[in-house]
Amino acid sequence: MTIAAYSQQAAAQHRAFASARRAALIEDVEFLLAVREHPERIAARVGKSCAAVCRALYRAERPDLARVFDRFS
């Protein structure tokens, strides 16, 4: 395997892993908001600050969820 092919494969694996992490964060946030968990507690449960959760949700194109965390970041 050439270095270029290996690099492309590593990049594809990284994108897949990042996508799975993003999907898991969205799923966790949706569930915890549905059960009326406070945004600051949600951020603590997922191991991030409110600002980091907010940024991640905007980057994942979920402004509906991100706006909930805007007030606390």
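In this predicted model, helix H3 (residues 50-59) packs against helix H4 (residues 63-70). The angle between them is about 160°, and their axes lie 8 Å apart. H3 is therefore roughly antiparallel to H4, since the angle is over 145 degrees. The crossing of H3 past H4 is left-handed. On the H3 side, the contact is formed by Cys50, Val53, Cys54, Leu57 and Tyr58. H4 contributes Pro63, Leu65, Ala66, Arg67, Phe69 and Asp70. Sorted by class, this contact holds nine nonpolar and two charged residues, and no polar ones.

Burial within H3 was examined next. The buried residues of H3 are Cys50, Ala52, Val53, Cys54 and Leu57. Among the H3 residues that touch H4 are Cys50, Val53, Cys54 and Leu57. These four also belong to the buried set of H3. Ala52 is buried as well.

The loop between H3 and H4 contains Glu61. Arg36 has a relative accessibility of 76% and so counts as exposed.

Lys48 has 40% relative accessibility, so it counts as partly exposed. Beyond its neighbours within four places in sequence, Lys48 is in contact with Ala43 and Val53. Val53 is one of the buried residues of H3. Val53 also takes part in the contact with H4. Ala66, on the H4 side of that contact, is 18 residues from Lys48 along the chain. The C-alpha atoms of Lys48 and Ala66 are separated by 13 Å.

Helix H1 is represented by Leu25. Leu25 counts as buried because its relative accessibility is 10%, which is under 20%. With neighbours within four places in sequence left aside, Leu25 is in contact with Val46 and Ala56. Ala60 is 35 residues from Leu25 in sequence. In space, the two are 9.7 Å apart, C-alpha to C-alpha.

At the level of the whole chain, the protein has four helices and zero strands. From the N terminus, the order of elements is α-α-α-α. The C-alpha atoms fill a box of roughly 50 × 20 × 20 Å along the principal axes. The radius of gyration is 15 Å, whereas a compact globule of 73 residues would have one near 11 Å. Of the 73 residues, 25% count as buried.

Note on methods:
Residues are numbered from 1 along each chain as its sequence is written. This is a predicted model: local features need pLDDT of at least 70, side-chain atom pairs count only at pLDDT 80 or more; totals for chains, interfaces and linings use all residues. Side-chain values use heavy atoms; hydrogens and water are left out. Axes are lines fitted to C-alpha atoms, for helices over the stretch in contact, and angles run from 0 to 180 degrees between N-to-C directions. Helices (H or I, at least four residues) and strands (E, at least two) are DSSP runs, numbered from the N terminus. Angles under 35 degrees count as roughly parallel, over 145 as roughly antiparallel, 65 to 115 as roughly perpendicular and the rest as oblique. A crossing is left-handed if the near helix is turned anticlockwise from the far one by less than a right angle, and right-handed if clockwise. Contact means heavy atoms within 4.5 Å. Ala, Val, Leu, Ile, Met, Phe, Trp, Tyr, Cys and Pro count as nonpolar, Asp, Glu, Lys and Arg as charged, and the others, Gly among them, as polar. The radius of gyration is taken over C-alpha atoms; the globule rule is 2.2 Å times the number of residues to the power 0.38. Buried means under 20% relative accessible area, exposed over 50%, partly exposed in between (1.4 Å probe, protein chains only).
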